[in-house]
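Have the picture open while you read, and try to find each spot as it comes up.

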Amino acid sequence: MTETESWANVNLRQVGRPLARSDAPGKAAGRTRYAGDYTMPNMLHAKVLRSPEASARLRRIDVSKARALPGVACVLTAADLPDRKASTDIPGQTGKKKLATDQQVLVKERVRYHGEPLALVAAETQTIAERAAELIDFELEPLPGVYDPFEAMKPGAPIVTAPDNVVGQHKVRKGDIAKGFAEADEIIENTFRTQFIEHAFLEPEVGLAWVDENDVINIRVATQVIEHFRPIAEAVGVPHNKVRILGALVGGGFGGKEDVTVEIYLALLAQATGRPVRLAYTREDSMFGHGKRHPFVITHRTGFTNDGRITAVKVTITADSGAYVFLSPYVLLYATVAAPGPYRVDNVHVDAVAAATNNMFTSAFRGFGAAQACVAHEAQMDEAAKALGIDRMELRRRNFLRTGDKLVTGHPIESAVWSDECMIKAWEALGERTPDAGPVKVGRGVATYQQSYGRITWLHDTSEAWVGVEVDGSVVVRSGVTDIGAGQVSALGQIAAELLGVGLDDVTIYNSDSAVTPLAGTTTATRGLYMTGNAVRLAAEAIRGRFLARAAREFGVEPGEVDLAESKAFLVDRPDTSMAFKDLVALCASEGVHRSELVMFRAPFTGQIDPETGQGRVHPDYAYGAHAVEVAVDTETGEVTVLKSVGAHDVGQAINPDAVAGQIEGGAAMGQGYALSEELCYEEGRLTTPSFSEYLIPTAMDVPRYQSIILESRSGLGPFGAKGIGEPALTPVAPAIANAVADAIGVRVFDLPITPEKIVMALRRAEAAE
Amino acid sequence: MRETETTTLEINGRTREIAAPPNQTLLETLREHGYFEVKSGCEKGDCGACAVLVDGEAVDSCLTLTGTLEGRAITTVAGLKRGEELHPLQAAFVKFGSIQCGYCTPGLIMAAQSLLNETPEPSDEDIRLALSGNLCRCTGYTKVFDAVQEAARVLREEESAS
Ligand code: FES
Ligand code: FES
């Protein structure tokens, strides 16, 4: 029996209900403490001094004036640090050797990007720390830099990452590409460009560190990943068990708090001063302080038969990795796997490369490469539909992958593929078409996608959780999981409540403390619910089994005849025969029945894919869905208004439908910004848009009322057949908007963001061509 | 070190004498005195995370100097609570799932309260305009609009009942 069948008949009571999230009341009342809200007696305040140049040699740095300033406790430069580097590879993995992706903690000699840290200051007040940073005297000798990944790969280019600036490369070779194109009646080829973008979480990076009486460096920090205690320990030169990461509820992450941010600086300053140190990034620091979304250049060549069948796809991807490697090789891999889209293609050829430049480094961002790939494959489908004279949705339908089909990597899809169902529902929800009004033209677009959930299978991902029932019947869940705003913690509570037959209010959850909560792995890669949800499910099921057995004895029946719900144990056939959950628990406690369980959940483990062909397994499973939009474009000003925007996704099983809808709506807004307004601009590596007055994310004035449609195939690998929604919610949005704009004005803008200027220029070019 | 000045403020219904340097912002003052529910997202007036009410009207506390507020009444999101009960705006934000990471929530609720003080029956357009200075990266605002409409309805009912 497959998981699909087993979940289909499960009767759920707590899971699947739109309960108010357990974290919501505290946040509404202003009682929730974020990492930046913690202080300690005798605490120092820190500041990071950053390089104003993108490519330079540090000739001299003199901190004597800063050190002499009254109130300054400590100033550190590279000369004061142990000769260690910070690993920037994926944290928490056990399945493979780490990549050589180290980064200097502070600039020793070579500055590689604008904003790279030169020195750290800790002082009695924030004002003094800032003044001290200004008093640091340094001399930078500008060096030739390289700011474009294509230039970076040319012979003679300045070397940012030895030996040749190439930091990641992936290939797919499947079928016979020449034969595929020979069979094509129509070949469509286009090049797409995407931009650097910023996560723009509202809470800038922040943390507080202190060294305790056991020489443990404690760091309370806004992070997606408490497992960073390992690279932090290695960077400062202590054993792993001497660094403790305490999370807090996080004020947004989206991948931007997936890498280490303030932690190592805090650890070093706390060690050096022996006092608690707080470091809070300003918004500008935050713009310099974490990796951005990779700009991609994607060339897509797709062959079609006249009846709309894809015969071959050839994709080349070039990504700007910026000055350090971080997660670039993995982002590139996701893009490689997603490159052909959610379509059946027998003949595929993908060449993807990421190159180092002196731009800001790039790393994880919701959608993780698959989002960029979607921008290209979905525009291709619309362009092909136009050339072939086939309806855009019909063309997609003729090519969609189905359950059991093989992915581009040769691995079969085990879960449901409901691309078509989602696409139909999203499109229907657009309702009646808004009419054009003079120069304002209305257009519609749809996009579908394939987004993995769960980590790369050769990282050998695991998650641990502990569930226990107190003597009075109240429930405790302990899990290292970080909650970055999507309701990760509350969902775990709902799962435990479901299986133990209690209410969400009866469950208390302790999370994100590397010293006391079992390590759950990271809140990244749409893995939180899949991995930790399963760990909590398994732990709660184990306890449930013991409780049912004890209750069955009491009732004189078989365990299968007993159920737990509404804080009672009762006979399934005769619900009047029951006992209170708390009485059952007290009974179990008095007899020493084990009321807690620690579980490790393991994702599928594999070896790596074949590097020459890209064949093998890359992810545990994939999510499918669609986004549809209607836009109005003013053809005189180029202004775009999003009128309607609907996401329809098969999430497998929604644990909390309100939380799922929240992800879909938030993804719709973020994708809208990606499509239309957001761009970090770098001039010769220098960031010229370091604030929210230049970097424009959607406001309440810019958005329609988003609609979300939840489909539940109960076919996923998560608890109760859940898949995931964090990243899928975003991925199809920007391409759907790009397709709608093209539909409205009859020409396509190939580069994101689709600004009014680009629209006006595209229209003028089209006019001139006529 | 700079001299400090004393300013008398009423914060969440309590009168407090605040000694602060003349260039201290209200955001700094409030957080220094433990009102951590007032958030800092940019300190430039771009995000609205720091919004509080001054005599019932929302302002960005990061752009307001404490010394200019002698005798004024400040309300933070924690000051909206009615004893143990959540204020209707807070309750509606919880009920409608309008809170994700929650970092923008204190500012959004104060901006909404400021609107409802003036406009008890707001249109969607009124709400958009009133919240346009408050960035939220998580929710896409849809559930926030729903919550503000619902709270407005509840507050109107309370008004007509009293
Ligand atoms: S912190 Fe005041 S507007 Fe952003
Ligand atoms: S809920 Fe996260 S910024 Fe609004």
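What follows is a tour of cavities and pockets, with a stop at one pair of helices.

A bit of housekeeping: this is a predicted model, so keep in mind that local features need pLDDT of at least 70 and side-chain atom pairs count only at pLDDT 80 or more, while totals for chains, interfaces and linings use all residues. Residues are numbered from 1 along each chain as its sequence is written, chains are lettered from A and ligands numbered from 1 in the order in which they are written, and side-chain values use heavy atoms, with hydrogens and water left out.

Rolling a probe the size of a water molecule over the atoms shows where empty space is left. On a 1 Å grid over the protein atoms alone, a cavity is a set of points where a 1.4 Å probe fits but cannot get out, whereas a pocket is an open set with protein on both sides within 12 Å along at least five of seven lines; lining residues have an atom within 4 Å of a point. Grid points are joined across faces, edges and corners, and a volume is the space filled by probe spheres set on the points.

How many cavities of 30 Å³ or more are there? The count is 10.

| Space | Volume | Lining by class |
|---|---|---|
| Largest cavity | about 810 Å³ | 24 nonpolar, 18 polar, seven charged |
| Second largest cavity | about 250 Å³ | 11 nonpolar, seven polar, four charged |
| Largest pocket | about 1400 Å³ | 16 nonpolar, 14 polar, 15 charged |
| Second largest pocket | about 700 Å³ | 17 nonpolar, 11 polar, eight charged |

**Who lines what**

The largest cavity has 49 lining residues, and A486(A), Q488(A), T526(A), Q663(A) and G726(A) lie nearest its centre. Helix 14 (488–500), helix 15 (528–555) and helix 17 (657–676) of chain A are the elements that give two or more residues to that lining. (Helices, H or I with at least four residues, and strands, E with at least two, are DSSP runs numbered from the N terminus.) Helix 14 of chain A gives the largest share, four residues.

Around the second largest cavity there are 22 lining residues, with Q103(A), V260(A), T261(A), Y265(A) and F326(A) nearest the centre.

Now for the largest pocket: it is lined by 45 residues, and those nearest its centre are H45(A), Q126(A), R278(A), E28(B) and E43(B). In the second largest pocket, strand 27 of chain A gives the most to the lining, with five residues.

**Two helices side by side**

Let's go back to helix 14 and helix 15 of chain A. Their axes (lines fitted to C-alpha atoms over the stretch in contact, with angles from 0 to 180 degrees between N-to-C directions) come within 9 Å and cross at roughly 25°. Therefore helix 14 of chain A is roughly parallel to helix 15 of chain A (angles under 35 degrees count as roughly parallel). Where they are in contact (heavy atoms within 4.5 Å), the residues of helix 14 of chain A include L492(A) and I495(A), and those of helix 15 of chain A include V536(A) and R537(A). The residues of this contact divide into 10 nonpolar, two polar and four charged.

How values were computed
Nonpolar A, V, L, I, M, F, W, Y, C, P; charged D, E, K, R; others polar. Parallel < 35°, antiparallel > 145°, perpendicular 65-115°, else oblique.
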